[in-house]
Amino acid sequence: MPLPDWNTIEPYLQWLGLISLLTFIGSLAMLPWLISHLPYDYFVRKRTSRKIVLGNTTFLSALWFTTRNIAGFLVLLAGIAMLFLPGQGILTIILGIAIMSFPGKHRLLVAITAKPSVQRSLNWLRKKTRHPEFIWPS
């Protein structure tokens, strides 16, 4: 199979490089702010089950639910990409999961953040933004 001509690949590589750079800069700017705005007891807080009932849902709440999950999914995909590209991959994945709403989300977040190195990173970001450290489940 012959290799494609460099002139046909170059524009795609330029776009990929630009997207990688923007994602990296965006993660450096937004991650500390978003993580600092999570409640300090986010990982130990008692969760209440909120189910969306189609007959009882307003248009705006359904729109908010959909927008929030799409945004969380995009942040999750960016975090997965940052595992291979420059950026804060694990922290972005945690933030993407935290934004979304799905069954078992809290258990998944607790499992991902159980490593002491992840906890230290999250608490370091909280200290830098002058917020109290997270309380972790024992």
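Where does lysine 46 lie? I looked there to begin. Lysine 46 sits in the loop between H1 and H2. I noted that the model is a predicted one.

**Entry: lysine 46**

Is lysine 46 buried or exposed? I found lysine 46 exposed, with a relative accessible area of 75%. Exposed takes over 50%, so lysine 46 qualifies at 75%. I then checked its distance to leucine 95. The two C-alpha atoms are 19 Å apart. Along the chain, lysine 46 and leucine 95 are separated by 49 residues.

**Entry: leucine 28**

I went to helix H1 next, where leucine 28 is found. Leucine 28 is partly exposed, at a relative accessible area of 41%. That value falls between the 20% and 50% cut-offs. I also took the distance from leucine 28 to histidine 131. It is 18 Å from C-alpha to C-alpha. In sequence, leucine 28 and histidine 131 are 103 residues apart.

**Entry: helix H2**

I compared the span of H2 with what its length predicts. With 24 residues at 1.5 Å a residue, H2 should span 34 Å. Its end C-alpha atoms are 34 Å apart, so the two agree. I listed the buried residues of H2 as Asn69, Gly72, Leu76, Gly79 and Met82. What do the buried residues of H2 pack against? They pack against H1 and H3.

**Entry: helix H3**

I counted burial in H3. This helix is mostly covered, with 9 of its 11 residues buried. Among the buried residues of H3 are Gly89, Leu91, Thr92 and Leu95. Ile93, Ile94, Gly96, Ile97 and Ala98 are also buried in H3. I checked the neighbours of H3 too. Its buried residues pack against H1, H2, H4 and H5.

**Entry: second largest pocket**

I moved on to the second largest pocket. It holds about 180 Å³ of space. Which elements give two or more residues to its lining? They are helix H1 (6–36), helix H2 (59–82) and helix H3 (89–99). H1 supplies the largest share of the lining, 6 residues. I wrote down the whole lining: Thr23, Gly26, Ser27, Met30, Leu31, Leu34, Val75, Ala78, Met82, Thr92 and Leu95. By type, the lining has 7 nonpolar residues, 4 polar and no charged.

**Entry: helix H5**

I turned to H5, which covers residues 116–128. Its 13 residues reach 18 Å from the first C-alpha to the last. That is close to the 18 Å expected at 1.5 Å a residue. I found Val118, Gln119, Leu122, Asn123, Leu125 and Arg126 buried in H5. Why do I say that the buried residues line one face of the helix? Seen down the axis of H5, they fall within an arc of 155 degrees, so they line one face. On the other side of H5, Pro116, Arg120, Lys127 and Lys128 are exposed. The buried residues of H5 pack against H1, H3 and helix H4 (105–112).

**Entry: arginine 130**

I ended in the segment after H5, where arginine 130 lies. Arginine 130 has a positive phi of about 60 degrees, although it is not a glycine. I checked its exposure as well. Arginine 130 is exposed, with a relative accessible area of 77%.

Technical notes
Residues are numbered from 1 along each chain as its sequence is written. This is a predicted model: local features need pLDDT of at least 70, side-chain atom pairs count only at pLDDT 80 or more; totals for chains, interfaces and linings use all residues. Side-chain values use heavy atoms; hydrogens and water are left out. On a 1 Å grid over the protein atoms alone, a cavity is a set of points where a 1.4 Å probe fits but cannot get out, and a pocket is an open set with protein on both sides within 12 Å along at least five of seven lines; lining residues have an atom within 4 Å of a point. Grid points are joined across faces, edges and corners, and a volume is the space filled by probe spheres set on the points. Helices (H or I, at least four residues) and strands (E, at least two) are DSSP runs, numbered from the N terminus. Ala, Val, Leu, Ile, Met, Phe, Trp, Tyr, Cys and Pro count as nonpolar, Asp, Glu, Lys and Arg as charged, and the others, Gly among them, as polar. The expected span of a helix is 1.5 Å times one less than its number of residues. Buried means under 20% relative accessible area, exposed over 50%, partly exposed in between (1.4 Å probe, protein chains only). Contact means heavy atoms within 4.5 Å. The arc is that of the directions from the helix axis to the C-beta atoms.
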